[in-house]
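Here's a quick look at the aromatic side chains in this one.

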Amino acid sequence: MVELTYSFLCSQVEGNPKEIKAIKLPGLGIHFIEDMSSCQALKRLDLSKNKLTSVEGLEHCTGLTWLNLSNNKLSSLDKIASLKSLVVLNASFNNIKLYHPTSPSLSALILNDNGLREIPSLKLSPSLKTLVLSSNNIPDIQVQRMAWAAQSLQKLSLSRNAIRTIPDLRDFHQLKELRLNSNKIIKVPDSLERNPRLCVLDLGKNLISNVSDLGPLNSLPSLKNVNVKGNPLCLSKGYPETARRKYPKVVFPPRPEGEIPKQDTTDSTVKSQQVEDIKIKSQKLEETKPSQKKVKKPKKKKDKKDMGTKVKKKPVENQEESQIEAKKPKKKPKKSKKKKSDKITSEINSMGGEDLKRTSPDAPTAKLKQKKSSKKARKRKRDDPKPSPKPDNHSDNAMDFEDYAKLP
C-alpha cells in the first residue's frame with residue numbers, strides 16, 4: 001500500500017513541499033492520505049487515477065483552488081467541506097451517491113460517472129458556472145436545487161441519465177449549453193424560448209419522433225449547434241426535408257444509410273395496404289418466372305443453328321444420333337489451338353534466332369501472370385471487410401476538465 005506522507009512528497013516533488021503551489025501525483029497507486037497540513041502554499045493538487053477510498057487528510061489544505069480526485073474509489077466527499085477556496089472540483093468516475101458543494105467560490109463541479117440519484121444542492125455555491133452530472137442515475141431535473149446558481153450557470157450536462165422531461169429553465173438567463181444526450185425525452189417544451197443565450201442543445205439518442213416535438217428552436221437567436229441524431233425522428237417519412245423547412249437555421253443530420261422510415265401498423269388501412277403490396281409482389285414474381293425460361297431458350301437455339309447444315313443434308317431419325325452429332329463440333333477449338341502452337345514454333349524455327357526462341361514463349365506466360373494477379377486482387381477486394389463507420393464523437397467536449405486547467 002502506498003501512503004501519501006511528507007517523506008513520500010519529498011521523493012516525488014522537486015523542492016520544498018512547504019513552498020510548492022502545484023503537485024501532480026496521478027496513477028501512483030496511493031491508498032491513503034496521512035497528513036498534508038505542512039503544504040500551506042498548495043493551490044493545485046492532482047490525485048487522479050489512484051486507489052483512494054477517503055479524502056481524509058486534505059481538510060488542512062485550506063488554500064486549495066483546483067482539486068482533481070477522478071478515477072478513484074471514493075464514496076464520500078464530506079471531509080473536504082472545509083475547503084472554502086475551491087474553484088474547480090473534479091470527482092468523476094467514483095462511487096459517490098450524494099454530495100452538496102460548500103465552497104462559495106466554486107465555478108466548475110464535475111461529477112460524471114458516479115451513482116448520484118439527485119442533483120446536488122447549490123445553495124452554498126451560487127457562483128457555479130459549469131455543472132457536469134452525466135452518466136448517473138438522476139430521474140429528473142430538480143430546478144429548485146439549482147435555483148441558487150440561476151444567475152451564473154452557463155453549462156449543464158445531464159447526458160446518459162433517466163430524464164423524461166425538460167423543466168422550465170426561464171430563470172437561467174446565462175445558460176449557453178444544455179446537454180441531454182441518451183435520455184428518455186419525448187418533446188422540447190415551449191418554455192425553452194425563454195433562454196435566448198442558448199448556443200448548444202444536445203438531444204441525441206432520445207425518444208423524439210416528430211418534427212413538431214422540437215418546439216421553439218426558431219425562436220432561439222443564439223442557437224448554433226443542435227444534435228438530434230439517434231432519435232426516431234431521423235427515421236420518419238420525409239426526413240430531413242420537412243425538418244429543414246420548418247427549422248432552416250438548424251443543421252439536421254442526414255438519414256442513416258440502409259434505414260427505412262417506420263410506419264404505424266396499428267391502423268387497419270395501413271395493414272390492408274401492406275397486404276395488397278405483398279399480393280402485387282407475388283404476382284410480379286409469378287410473371288417473371290416464364291420470362292426467365294425464355295431467356296435460356298436462345299442459348300439452346302444457337303447449338304441447333306450450328307448443326308443446321310448437317311441436319312438438312314442427313315435427317316436424324318433417333319435422338320441419340322442427334323446428340324452425338326451435336327457433341328462433335330465442340331472438339332474443333334482444341335485442334336485449332338494445336339495448329340496455332342505449331343505455326344508459332346515453325347515461324348520461330350524459320351527465323352533461326354536463339355533470342356526469339358527465348359523471348360517468344362515468355363510473352364504469353366507474362367500475360368497469364370498478369371491475369372492471375374488481377375484475379376487475386378479482385379478476390380482480396382471482395383474478401384476484405386468494409387471499413388467500419390466512424391463513431392459518433394458528439395460528447396461533452398466543452399465540459400472536459402482540461403478546459404479549466406488555466407483557472408487559479
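## Ground rules

A residue is buried if its relative accessible area is under 20%, exposed if over 50%, and partly exposed in between, using a 1.4 Å probe and protein chains only. This is a predicted model, where local features need pLDDT of at least 70, side-chain atom pairs count only at pLDDT 80 or more, and totals for chains, interfaces and linings use all residues. Residues are numbered from 1 along each chain as its sequence is written, and side-chain values use heavy atoms, with hydrogens and water left out.

Rings of Phe, Tyr and Trp (its six-membered ring) pair if their centres lie within 6.5 Å; planes under 30 degrees apart are stacked, over 60 edge-to-face, and the rest tilted. Searching the whole structure turns up two aromatic pairs. One of them is Tyr 239 with Phe 252, edge-to-face at 6.4 Å between centres and 85° between planes. Tyr 239 sits in the loop between strand 12 (225-227) and helix 3 (241-246), while Phe 252 is 13 residues away in the loop between helix 3 and helix 4 (268-306). Those elements are DSSP runs numbered from the N terminus: helices are H or I with at least four residues, strands E with at least two.

Tyr 239 is buried at 2% relative accessibility, and Phe 252 is buried at 4%. Phe 252 also pairs with Tyr 247: the centres are 6.3 Å apart and the planes at 50°, so this pair is tilted. Tyr 247 is buried too, at 2%.
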